[in-house]
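Load the model and keep the sequence beside it.

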Amino acid sequence: MRLRFTKMHGAGNDFVVIDATAAPLALSPAQLRHLGDRRFGVGADQILVVERPHRDDVDFRYRIFNGATGDEVEQCGNGSRCFVRYVHDHGLSTRNPLRVETVNNLLELRAQPDGRVTVNMNQPVFEAARLPFDPSGLQPTPVNGFDFWPLALADGVSVEVGVVSMGNPHAVQRVERADTAPVDLLGPQVEAHARFPRKVNAGFMEVRSRREIALRVFERDAGETLACGTGACAAVVVGIRAGWLDDTVDVHTRGGLLTIHWAGLGHPVMMTGPAVTVFEGEIEL
Ligand SMILES: N[C@@H](CCC[C@H](N)C(=O)O)C(=O)O
């Protein structure tokens, strides 16, 4: 099968985007991994598939697969911005804002005049069972009334994480400096920690001021990426709940800048950032 694709990125978190609006497309995990493979395929952190919606009140459905495993995941912040750019650039819709369903959510996305995209990422979810996260027997450390949970890692190391779901699970720890944080060492241990039965995205947040953080994320089934949109939302939410951050925060990732706004409990998280097309192509699968 010959497949047309578009290579895109949002702050360096990169995607292969495929149009399945004309006809249904069922790619196998092996085909998805091939698309994600940086040496033998195209190369991408995630594969995004644009489909017709299953319900009347939204414009599209979009599905997300981690490129390294081919497994479907619930949410991808940077991908959702690229999805809007893709749909507009390929003439699939001129609507703005667009409403889109993901496997477990409904998002509203708005292309901005400056080329960036703003996404209503919905409200963060803190219930442990919904991540899922198993806190049984653990003693949390409350910071400003928000719980940080101790995670025992190898060699007697323990880290304290704030846990939150942005549709997908996140565990965020505060570090002195993001650039020297031991992401390679601790990221895989947090990601696969037994307390997270479906694994977790591991965030390392440096608070630079009340309006600025630096963030690195070791993504579930992807390794460290240059940016993680849901990770940026999760880190800012945790920082606001802990009393460290104001409601609008610039998040510096290794691949670019994202701006996150959250007015607090009961409000959705708004994420603004870039969405860029790199090239288009065809591949034999
Ligand atoms: N890059 C993404 C998140 C992609 C999914 C993640 N790896 C997971 O498994 O939950 C983003 O920008 O949010």
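The UniProt entry, which is unreviewed, carries the annotation "binding site" for Asn13, Gln46, Asn66, Gly77, Asn78, Asn168, Asn201, Glu219, Arg220, Gly229 and Thr230. UniProt positions follow the numbering used here, feature names are shortened, and annotations may be inferred rather than shown by experiment. This is a predicted model: local features need pLDDT of at least 70, side-chain atom pairs count only at pLDDT 80 or more, and totals for chains, interfaces and linings use all residues. Residues are numbered from 1 along each chain as its sequence is written.

Take two of the annotated positions. Gln46 is in strand β3, residues 46–51. Helices (H or I, at least four residues) and strands (E, at least two) are DSSP runs, numbered from the N terminus. Is Gln46 buried or exposed? Gln46 counts as buried because 26 C-beta neighbours sit inside 10 Å. The cut-offs are these: buried means 20 or more other C-beta atoms within 10 Å of a residue's own, exposed means 12 or fewer, and partly exposed is in between, with C-beta atoms placed from the backbone. Beyond its neighbours within four places in sequence, Gln46 is in contact with Phe15, Ile64, Phe65, Asn66, Gly67, Cys76 and Gly79. Contact means that two C-beta atoms, placed from the backbone, lie within 7 Å.

Gly77 belongs to helix α2, residues 77–89. Gly77 is buried too, with 28 other C-beta atoms within 10 Å. Leaving aside neighbours within four places in sequence, its contacts are Val119, Met121, Gly229, Thr230, Ala232, Cys233 and Met271.

Now look at the ligand. Which residues are closest to the ligand? They are Asn78, Asn168, Arg220, Gly229 and Thr230, out of 19 residues that surround the ligand. A residue is near a molecule if its C-beta atom, placed from the backbone, lies within 6 Å of it. The elements giving two or more residues to this shell are α2 and α4 (229–241). Helix α2 gives the most, with three residues. By class, the shell has four nonpolar, 11 polar and four charged residues. Here Ala, Val, Leu, Ile, Met, Phe, Trp, Tyr, Cys and Pro count as nonpolar, Asp, Glu, Lys and Arg as charged, and the others, Gly among them, as polar.

The shell also draws at least three residues from each of domain 1 (2–120 + 274–284) and domain 2 (128–267). Those bounds come from an automatic or database domain assignment. The C-alpha centres of the two domains lie 24 Å apart. Across the boundary, 20 residues of domain 1 are in contact with 18 residues of domain 2. The domain 1 side that touches domain 2 has five nonpolar, 12 polar and three charged residues.

Turn to helix α3, residues 183–191. In this helix, Val183, Leu186, Gly187, Val190 and Glu191 are buried. They cover an arc of only 130° around the axis, so they lie on the same side of α3. That arc is taken from the directions from the helix axis to the C-beta atoms. Strands β10 (146–152) and β11 (158–165) are among the elements covering these buried residues.

Finally, check the backbone. Asn96 and Pro97 are joined by a cis peptide bond, with omega about 5°. Pro97 is in the loop between α2 and β6 (98–101). Another cis peptide bond joins Leu131 and Pro132, with omega about 0°.
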